[in-house]
Amino acid sequence: MNRVINLSTHVLAILWALPLFGIIYMAFKDTKVEGFSVTIHNFIEAWNSAPFAQYYLNTFIIVIGILAVQLVTITLAAYVFARMNFVGQGIVFLLYLVQIMIPIELLIFPNSSTIAQLGIYDTKLAIMIPYFISAFGIFLLRQTFKGIPYELEEAAKMEGCNRIQTIWHVYVPLAKPTYIAFGLISVSGQWSNFLWPLIITDSDSNRPLTVGLAMFAKASDSGAQWGVVAAATLFVILPLLLAFFLFQRQFISSFMHSGIK
Amino acid sequence: MRISERMKENVTSWLFLLPSLIFLIMFTLYPMIKTAYLSFFQSDLSTDKPIFIGLKNFKMMMEDEVFRKAFINNIWFAIGTIPTSVALGMVLAILVNRKIKGSALARTFFFYPVVIPMVSAAFIWLFFYTPEYGMINKLLTLFGAGELNLLGNSSTVLIAIIVMVIWKEAGFFMIFYLAALQNIPKDLIEASHIDGASKWIQFRKIVFPLLMPTTIFSFVIATTNAFKTIDQLVVMTQGGPNNASNLLLYYIYESTFRFMDYGKAAAATIVVLVIMVVIAAIQFFGTDRKIHYS
Amino acid sequence: MKKTPIVLALLLLFSMLLSACGGTDNKGDSSNSSGDTINLTWYYPVNVGGEVTKVIDGYAEAFNKEGIEVNGKKVTVEPVYSGNYDESMTKVQTAVKNGKAPDMAVLLSVDLFQIKDSIIALDDMINNDSEAQEMMEDFFPGFMLNSQAEGKTWSIPFQRSTVLLYYNKDMFEEAGLDPEKAPTNWDEVIEYGKQLTKDGKWGIELPATISGYWIYQALALQNGDGNLMSDDGKDVYFNTEEAKGALQYWIDLSKKHKIMPDGVLDWNTVPTDFIEGKTAMMLSTTGNLTNVKNNANFEFGVAFLPGKERLATPTGGGNFYIFKDIPEERQLAAMEFIKWIAQPERAAEWSIDTGYIATRQSSYETPELKEYTESFPQALTAMEQLEHAHKEISVYEQGKIIKILQDAIQAAINGDDVSEALDKAQEQAEELLKPYQ
């Protein structure tokens, strides 16, 4: 019985890995020759046919930009919800909950016109701005902050720290694992974002990797060019896969962390 | 003195909330209200200025065959993806939670699809599904089934997309279950060993109930995902053939950006929002308090 | 408390920094025309295989070196690749709505009615410019069919095409057919197809996504003497006997005669199938000619579309549009660029690079194109077929109506009754067109 289960684990794992091996095979296969022979020609062609370096840079700026602002906004809000009392607390808390219920992705129609009204259509800021807060991050961090002994805050107060200093010296260091968890989730999520940047950008100087890939693949998706598209797909997923394989433990524990409420 | 303390706390609270509140209002709250308002107006290529038409957008939408198809497809899509990927997540978690050779590697393989973007996943599977080239067709021909144009047939296209999404999502839920499994106290399991309970009874009576909060949590996430992700449609099918793979958000996307029919897009957005609220209500009132955010 | 304002200020500063990184590489707004250059933004689509983006970038570079001036300001152009035709249309409409209209765009010639409010009629500009007049007279008349409406000219032909029959000569020979004789009518297609279909290889493939409706229009045109719509774009004729017969023929190719694969075939994979030798014939755009030429490792031929009642093909492809919400100076500059890129030699070069038909009649007198067509006579076929060209379907609410038509075609391919599918499409389209009548 146990052996059957072990075997099925392995079979399933191989099944799950097949698409990855498939795309790697396609990307390295020389289509001009019968049978299989390894070539990096596809990668060179893909790299030369679209500004992937620019796309990398754009994705990098967007992902880091979003995370940087998020860290500020969620820290402040999480602290308020964890430790402070104020008029209207209940209702405001509910407003933040709305964002958990209704993901921003569903609001592409009204948000695209808001972007237009702000006059920032086709900019990196337009891609980033709706994601400047994360209600999910706020609730995650609030939970952590609540678990930090109140005595520590009082001690900080005694030493003359104001609230900002208290947050910075007491809460932030102690919540480091939560920040890492949130950071990984935010970065991998934003790296993958597609529909919103597709809608809101027009130029190569702002397009992230995902949109660049789709545009590129559509332009060359004919003839014997599939190897090239496979290579371009690998461009997009490689950094994520590398990061994942290198920091697998952090990744998995981050996602675990976020699942426990 | 005390009053001024309280004042100060209030002011500080609001100041701290301000940065996040601005963006929350701009991109979540205000758009919802605006959409609700716009859904009462006709605003498309044939109108210069929006015209108030009451509930007619909703009426027209209900009569629109494409919308009905997208709605029904979305429900089938949800039914197809949610229970399967959550259940599979649980099974995978139990499998890799055992200390056997290669379980760490297996865990890696189950989880990597979660990390990669949906767009690239869609391209990968596009290769698999295309007749004449794709691996799936090579397998099918091996079994003598002949070639199948999976994405070109109304009857198979949605299933093909569901399979891909399950592949992509199951690992995500696996992680939640892994976390939950590792939190089950060892002595509970051991106690049942002493009682001589079989593995199956052990699972059914002890493990499964303890996993319930995770299951509900996963269900909620999977349901939201079933409505908010359409990247794969943009890449693979454009909702076709004949709308057989059209989903609600794709319908909104096309109405807004391809047909410039804003009234319709607003009405369809409202429908999706209502679905989301209903799901949230079920989560809030229908379940154990333990998995609340509060 | 003391530091709160500082944090807020930092946040503000930060968001300003972020907006700056988006703002610096902003293109195309009027600020660019201050000083002594006019930098035009040009949206263009790529609907076919091959490295078209590189060719376009090459043109822009050459043009920018040219030093053409308007009002004493140097004109430069920045091409922006915007996806396939559908996506480009989406992009342009969104940009216009957002007050960021490009200066010019290449869009389907048939999108005219959908964007007429955002573009300018070109007649005044042409009448004041003898070069432009000369250019207009030199275009193949077939390509002007979709440019005109309400007695005005709205767009200028650029990447123009017709539907072509591509066939694999090697496979013809293997099947015992004469490789120099393509089928000339529907019955021959079936007859040839039956001989060609074997060993997992197909006789013919017709794509039904992206521009599939256009392939269908060719069949509908061949099956009678009418078209699918009225000239003013306010009526459609989807459920005539001719239209129904054409769709039935399409379905029969796979369901009855078994010479075409089942199901909806993708616009992009049909040429791949042809290049890989999975199908002996295909209907596709002339725009794929160069792609097939470069990638096929067998002898292939192209031919006029097989006829039924008559030989016929719709014209297709993209035209230049100039947008309304930009200063007149920029509109004039856009016209200068269009004139530059539409020169006979350049149109010839574009044709050689892509397979699209050179838009100017005099292009075929240039040494480059003469030499090219001698070594590659297939390139002439498309031009010669123009004699049988008709107006491509172009109506108000183009986006929605094309979707309705394409959905009907796909429904029929998936087993719906042909007649009912087209009746329904007709009814839905009429409903949409009512406000315009």
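In this predicted model, chain B has a radius of gyration of 24 Å, whereas a compact globule of 294 residues would have one near 19 Å. The box that its C-alpha atoms fill, taken along the principal axes, is roughly 80 × 75 × 30 Å. The secondary structure of chain B consists of 13 helices and two strands. Of the 294 residues in chain B, 50% are buried. Among the contacts in chain B with a separation of 6 or more, 68% are between residues 24 or more positions apart.

Next comes the meeting of chains B and A. Here 71 residues of chain B are in contact with 75 residues of chain A.

An unreviewed UniProt entry places the feature "transmembrane region" at residues 7–28, 55–79, 91–109, 121–141 and 224–247 of chain A. Two of these spans can be set beside the model. Residues 7–28 of chain A are 100% helix and 0% strand, with 30 Å between the end C-alpha atoms. Residues 91–109 of chain A are 68% helix and 0% strand, and here the end C-alpha atoms lie 26 Å apart.

Turning to chain C, the assignment divides the chain into domain 1 (30–160 + 317–388) and domain 2 (161–315 + 392–436). Taken over C-alpha atoms, the centres of domain 1 and domain 2 of chain C are 27 Å apart. Their contact draws 32 residues from domain 1 of chain C and 30 residues from domain 2 of chain C. On the domain 1 side of this contact, the elements of chain C that give two or more residues are helix 4 (112–115), helix 7 (141–144), strand 7 (156–168), helix 15 (344–354) and helix 17 (378–385). Helix 17 of chain C gives the most to that side, with five residues. By class, the side of domain 1 of chain C that touches domain 2 of chain C holds 13 nonpolar, 16 polar and three charged residues.

Readers comparing the two contacts may like to have the class counts together.

Methods:
Residues are numbered from 1 along each chain as its sequence is written. Chains are lettered from A and ligands numbered from 1 in the order in which they are written. This is a predicted model: local features need pLDDT of at least 70, side-chain atom pairs count only at pLDDT 80 or more; totals for chains, interfaces and linings use all residues. Two residues are in contact if their C-beta atoms, placed from the backbone, lie within 7 Å. Helices (H or I, at least four residues) and strands (E, at least two) are DSSP runs, numbered from the N terminus. The radius of gyration is taken over C-alpha atoms; the globule rule is 2.2 Å times the number of residues to the power 0.38. A residue is buried if 20 or more other C-beta atoms lie within 10 Å of its own, exposed if 12 or fewer, and partly exposed in between; C-beta atoms are placed from the backbone. UniProt positions are given in the numbering used here, feature names are shortened, and annotations may be inferred rather than shown by experiment. Domain bounds come from an automatic or database domain assignment. Ala, Val, Leu, Ile, Met, Phe, Trp, Tyr, Cys and Pro count as nonpolar, Asp, Glu, Lys and Arg as charged, and the others, Gly among them, as polar.
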